[in-house]
Amino acid sequence: MKTYLIIIIAALVGEYLIRCLTRYFNLKAMAPDLPAEFDGFYDQEQYRKSQQYTRANTKFAYVSSSISLIVMLVFILMGGFNVLDIFVRSFELSPIPTGLIFFVILFLASDWLSLPFSLYNTFVIEERFGFNQTTIRTFILDKLKTYFLSAVLGFVIMGSILYFFDKAAELAWLYAWLLVSIFIVAAPPIFTTFISPLFNKFTPLPEGELKDAIHQYARKVAFPLTDLSIMDGSKRSSHSNAYFSGFGRKKRIVLFDTLIEQHSVDELVAIIAHEVGHYKKKHIFKGMVISILHTGLLFYLLSIFIDNRSLFQAFGMDKVDHVRIYAGFVFFGVLYSPIEFVLSVAMHYLSRKHEYQADAYAVETLGLADSLILGLKKLSVANLGNLTPHPVNVFLNYSHPPVLERISAMRDVPIVER
């Protein structure tokens, strides 16, 4: 028991300390002088504001992560999981509904603990720096919709997984892997068709120069664009973005309304060319395969540890008459966190590599880098991006390369006429 408890506490505290040290390095890396590449895009006041935004978010992360760690350690050491288990078993239900109630209570407790932080981030930090457009009404409605979706998907998926581990013995991990793999494949069209419209309004991009330019580019690179929409991102934030989704031969590109307001036609086409590059380089497919393989590893290791009594004892459940499968999921998740941390670093590295490749594809197919570089600069300025993140922070946390490195790489891309 002590061995597992030491590993668990070391994992939680160790990751916390690594992230705190990384934040410290990141703050120290902020240069007082504006990088020459951004002369004419940031004035000194704007640049100072971007650094204040980074500092505000970093200090906020220090506080929120510290409180979360303290609550988790106290809950573990005071036997909170055992108290919760006794409570859910008092309903005298079968294992599957008992497990679902266990998960629901943990989910709500975690969400309510994070609620003050979410409110502060949205209505204080984002408001202070001019990004927040969310009203209290929208915030509450989003929360209720999230609860509804979590209940529907959670009951179906977690209920099925609990059933497999309760009934299928040694093959349970394989059945669970197959189920989640199907969901990973089906998630993009489900998200696009059913979930996104619950939160945002999508309207077709109107006829005009922008639509013509995008479709002309799509035809040039043989990209099967079937839907080009504008999303009312300004409903919640003035941050801007664009994303690509699609399944099979149906491809959809979504532009935030804030993005359209901030960029020229050439810049928007360049940003879309980057998204098309992800499709052409099969990054979405590769990411899906990696997610499926990762899930298989997760469930296989889970099947080994899920009935380990020493693990249960480490979480204060040393007097249970038999192993609780539902609790085993949670306990293994905490034990698995160091592996997950390492894998996340590897995934961030791969993601950064993919971003470079998508940038290069956009530059090659457009025949120049200027439009995409200009678009990236405007995005960084509009979003108060940190221009000088510390390399350790980039290594551990960045899914995209720092903007200055992306710009430098794009300038080195050889232009090939197509």
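Where does K282 lie? K282 is found in the loop between α9 and α10, helices here being DSSP runs (H or I, at least four residues; strands are E, at least two) numbered from the N terminus. The model is a predicted one, in which local features need pLDDT of at least 70 and side-chain atom pairs count only at pLDDT 80 or more, while totals for chains, interfaces and linings use all residues. Residues are numbered from 1 along each chain as its sequence is written, and side-chain values use heavy atoms, with hydrogens and water left out.

Most residues other than glycine have a negative phi. K282 is also exposed, with a relative accessible area of 52%; the cut-offs are under 20% for buried, over 50% for exposed and in between for partly exposed, with a 1.4 Å probe and protein chains only. A positive phi of about 55° is likewise found at E92, again not a glycine. E92 sits in the loop between α3 (80-89) and α4 and, at 71% relative accessibility, counts as exposed.

Back at I214, the residues touched are L205, L225, L228, L255, V269 and I272, not counting residues up to four places away in sequence; contact means heavy atoms within 4.5 Å.

Another buried residue is L259, in helix α8, with a relative accessible area of 0%. Leaving out residues up to four places away in sequence, L259 touches S240, N241, A242, L268, I271 and L379. From L259 to D85 the C-alpha to C-alpha distance is 48 Å, and the two are 174 residues apart in sequence.

Two helices can be followed from end to end. Helix α1 (residues 2-28) has 27 residues and reaches 38 Å from its first C-alpha to its last, close to the 39 Å expected at 1.5 Å a residue; the expected span is 1.5 Å times one less than the number of residues. Buried in α1 are Y4, L5, I8, A11, L12, C20, T22, R23 and N26. The elements covering these residues include α2 (44-77), α10 (283-305), α11 (309-314), α12 (325-335), α13 (337-366) and α15 (391-397).

The buried residues of α14 are S371, L372, I373, G375, L376, K377, L379, S380 and V381, and their cover includes α2, α8 (257-262), α9, α13 and α16 (403-411). One of these buried residues, K377, has a relative accessible area of 7%. Beyond its neighbours within four places in sequence, K377 is in contact with E37, F38, F41, I407 and R411. After α14 comes L384, whose phi is positive, near 55°.

The second largest pocket holds about 1,500 Å³ of space. A pocket is found on a 1 Å grid over the protein atoms alone, as an open set of points where a 1.4 Å probe fits, with protein on both sides within 12 Å along at least five of seven lines; lining residues have an atom within 4 Å of a point. The volume is the space filled by probe spheres set on the points, which are joined across faces, edges and corners. Of the 41 residues lining the second largest pocket, F103, L106, F107, S110 and V330 lie nearest its centre. The largest share of the lining, ten residues, comes from α4. By type, the lining divides into 30 nonpolar, eight polar and three charged residues, where Ala, Val, Leu, Ile, Met, Phe, Trp, Tyr, Cys and Pro count as nonpolar, Asp, Glu, Lys and Arg as charged, and the others, Gly among them, as polar.
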